[in-house]
Amino acid sequence: MKMQSNFLCALTLFLTASFGMLHAQDNNVNTEFGVKGGFNMSNLYGSGEDVDDNNVLYGFNAGVYATLPISDFVAIQPEVLFTTKGAEFEYNNAFASGSTKFKLNYIEVPLLVRVNVTKNFNIHAGGYASYLVSSKVTGDGTFDFDEEIDRDDLAKFDAGIAAGVGVDFDPISIGVRYNYGLTTVGKERTVAGTTYTIPDAKNSNLTLYLSYKLN
């Protein structure tokens with residue numbers, strides 16, 4: 001089951017249906033400043049491949065956000081987050097068994113359009129840009145290792161699209177969001193006249209978050 005793809009399809013259908021309700025709502029969104037954090041389920045997908053639920057790496061995100069209204073029910077929501085991404089690969093054969101984790105740590109800046117369908121329920125979508133601050137690969141099993149990866153060997157910038165839903169229990173909110181990476185994690189290299197991208201993969205991340213309004 002393609003969990004992330006199904007989530008985006010369901011969100012698109014809900015967004016379309018919700019616009020018919022907005023004319024009956026007023027003053028659903030207010031200026032907010034707060035902190036947030038959450039639980040990440042990240043993965044990597046290759047060019048021409050669908051995102052699936054295999055090789056999920058669990059992590060977290062934490063940071064700050066602002067909600068800046070531009071109408072009674074629409075706001076711009078910028079955020080600044082520290083977030084972990086990557087993937088975990090398991091192996092089991094006649095010679096070895098265990099797992100390898102490929103970990104990527106980013107400073108991420110989402111810029112979202114938030115639509116409050118009701119005063120306590122919002123849908124949001126937009127884009128994000130990230131800067132790679134550190135990376136490592138670890139192994140557990142037959143082969144145990146913990147090695148830092150030189151950032152110069154990877155793409156330092158990542159970007160993609162994001163969409164999610166949230167429920168507000170003033171001053172606390174909870175929600176779910178999916179980030180779909182559009183840029184490759186690896187860098188291009190030319191060896192013997194042939195160009196390779198290693199790793200030739202993009203980020204995929206589903207997050208459950210909790211936020212707290214400070215104002």
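A nonpolar core is a set of buried Ala, Val, Leu, Ile, Met, Phe, Trp, Tyr and Cys residues joined through side-chain atoms within 4.5 Å, where buried means under 20% relative accessible area, exposed over 50%, and partly exposed in between, with a 1.4 Å probe and protein chains only. The model is a predicted one, in which local features need pLDDT of at least 70 and side-chain atom pairs count only at pLDDT 80 or more, while totals for chains, interfaces and linings use all residues. Residues are numbered from 1 along each chain as its sequence is written, and side-chain values use heavy atoms, with hydrogens and water left out.

**Nonpolar cores**

- The largest nonpolar core has ten residues, namely Met41, Val56, Val74, Val115, Val117, Ile123, Val165, Val176, Tyr178 and Leu206.
- β4 and β8 are the elements that give two or more residues to this core; strands are DSSP runs (E, at least two residues), numbered from the N terminus.
- A second, separate core has nine residues, among them Tyr106, Leu132, Leu154 and Val185.
- In soluble globular proteins, nonpolar side chains tend to be buried together.

**Cavities**

- On a 1 Å grid over the protein atoms alone, a cavity is a set of points where a 1.4 Å probe fits but cannot get out, and lining residues have an atom within 4 Å of a point; grid points are joined across faces, edges and corners, and a volume is the space filled by probe spheres set on the points.
- By this rule there are two cavities of 30 Å³ or more, and the largest cavity holds about 90 Å³ of space.
- The lining of the largest cavity includes Glu32, Lys36, Arg114, His124 and Asp168, and the elements giving it two or more residues are β1 (32-46), β3 (74-92), β5 (121-141) and β11 (201-213).
- By class, that lining has two nonpolar, five polar and five charged residues, with Ala, Val, Leu, Ile, Met, Phe, Trp, Tyr, Cys and Pro counted as nonpolar, Asp, Glu, Lys and Arg as charged, and the others, Gly among them, as polar.
- The second largest cavity has a volume of about 70 Å³, and its lining divides into three nonpolar, six polar and three charged residues.
- Lys36 and Tyr209 are among the residues that line the second largest cavity, and β11 supplies the largest share of that lining, three residues.

- Arg114, in strand β4, counts as buried because its relative accessibility is 5%.
- The side chain of Arg114 makes a polar contact with the side chain of Asp168 (3.1 Å), a polar contact being a pair of N or O atoms within 3.5 Å; within protein, one must be able to donate a hydrogen and the other to accept it, and residues adjacent in sequence count only if both atoms are side-chain atoms.
- Ile76 lies in strand β3 and, at 28% relative accessibility, counts as partly exposed.
- The C-alpha atoms of Ile76 and Arg114 are separated by 6.0 Å, although these residues are 38 residues apart along the chain.

**Largest pocket**

- A pocket is an open set of points with protein on both sides within 12 Å along at least five of seven lines, and the largest pocket has a volume of about 200 Å³.
- The largest pocket is lined by 15 residues, of which Glu32, Lys119, Asp168, Asp170 and Lys213 lie nearest its centre.
- The lining of the largest pocket has four nonpolar, five polar and six charged residues.

Note on methods
Helix = DSSP H or I, 4+ residues; strand = E, 2+ residues; numbered from the N terminus.
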